[in-house]
Amino acid sequence: MNVKVKQKIPLKIKRMGINGEGIGFYKKTLVFVPGALKGEDIFCQITSVKKNFAEAKLLSVNKASKYRVTPMCDIYETCGGCQIMHLKYDKQLEFKTDLLQQALKKFSPEGFEQYDIRPTIGMQEPLYYRAKLQFQTRKFKGQVKAGLYAQNSHYLVELKDCLVQDPVIQAIANDLADLLTYYQIPIADERKELGVRTMMIRRARKSGQVQIIVVTSRQINVKNLVEDLVTKHPEIVTVAVNKNTSRSSEIYGEQTQIIWGEEAILEGVLDYEFSLSPRAFYQLNPEQTEVLYSEAVKALDVSPEDHLIDAYCGVGTIGFAFANRVKSVRGMDIIPEAIEDAKYNAKRMGFENTHYEAGTAEEIIPRWYQEGYRANAVIVDPPRTGLGTKLIETLLHYAPEKMVYVSCNVSTLARDLVALTKVYQVEYIQSVDMFPHTARTEAVVKLVKK
């Protein structure tokens, strides 16, 4: 390598990487610099040297990009929750389209050079969009603080006025932290102390209802705290406690108990409503979820005689967009509570053509086919890890005529397309900006059997 740690170097930024960092070459060494933008001349200091690249911190910008803006957030650089707030928003959208192209070039699925990659759909007002808050808790000099860990560390950055969080749930989080302090509820730390680890607060855009999960590693008494909190915030309808005693990075343990209020909150998207229990997955950005689901409906292009499989169905949300348009919808998910929600939601909406089971798609789909069920359409909306190898093999074996892949990770999407394009042709990819000011995007892929 041509650089060493602590060395200060000038650098011309050629492009931006998948985490929003600037990328340049110094004497043929690839250098990644968070905070730098394409086209800038910068001065930076090497922080680490790896086998094929080096990392550096930005010291100064000698020639700034004309698309650089001053971040609105006072703790932007410290927090790390957002990575590209210093880039003009319309250029953020272009960057996210480029992210997809970079991933496709890296994995090179069949015919990727000819894919119809459509411009990323952004937001009119890309602030305060997150309807779910997941903050870690720590105690500093007797005061409980809630926020996010700084990048690559366990240093907690307190967030009291986050520009991408729903203001209502931010206010509830602030009051919850104060009440944890007032009632001297035990707070977990990195050493031996057991107690509250995380707070999750979610607000339904449709109803305004709020649910809370307090994640703790020990038994806690929050009766008085809950009474105070719901008195001040009557929009709270559910409070649950999740016990997680493991030392892993997993946020939740297996046991979740509702200690106050209702089993679920009411949310809605497109023209239907559904219930969400505390642990059920739902998109973080309700406004853009309308766009995402609309694009999925358009891409799958179903007919009244179609039979649809909704893999990773969660509480049934995305599948319900098709229930009035197809002969049948069948879904599965590995979280039993989500399946119970899906069944309840389908019944509540009067759908008699839906069927849901708990388990993995690669186990359930073959059984359905053995029982005589045949699907000619499938929609997959996997987690960031993408599709499992066994599920891909299952999909390719039964090969429904049309598929829509909804992805939240362009890298695993591009990887999965390598296998899927053996049987399917990519008609187009439409990215949707679900996470403004971050280096993440969502994509809808229309696939048709060759």
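Modeller: Some ground rules. Helices (H or I, at least four residues) and strands (E, at least two) are DSSP runs, numbered from the N terminus. This is a predicted model, where local features need pLDDT of at least 70, side-chain atom pairs count only at pLDDT 80 or more, and totals for chains, interfaces and linings use all residues. Residues are numbered from 1 along each chain as its sequence is written, and side-chain values use heavy atoms, without hydrogens and water.

Biologist: Where is Cys 408 found?

Modeller: Cys 408 sits in the loop between β20 (402-407) and α10 (410-420). In an unreviewed entry, UniProt lists Cys 408 under "active site". Such annotations may be inferred rather than shown by experiment.

Biologist: Is Cys 408 buried or exposed?

Modeller: Buried means under 20% relative accessible area, exposed over 50%, partly exposed in between (1.4 Å probe, protein chains only). Cys 408 has 12%, so it is buried.

Biologist: What is Cys 408 in contact with, leaving aside neighbours within four places in sequence?

Modeller: Contact means heavy atoms within 4.5 Å. Cys 408 touches Pro 382, Pro 383, Arg 384, Arg 440, Thr 441 and Glu 442.

Biologist: How are two packed helices described?

Modeller: By the angle between their axes and the distance between the axes. Axes are lines fitted to C-alpha atoms, for helices over the stretch in contact; angles run from 0 to 180 degrees between N-to-C directions. Here α8 (residues 361-370) packs on α9 (residues 389-398) at about 25°, axes 8 Å apart. Angles under 35 degrees count as roughly parallel, over 145 as roughly antiparallel, 65 to 115 as roughly perpendicular and the rest as oblique. So α8 is roughly parallel to α9.
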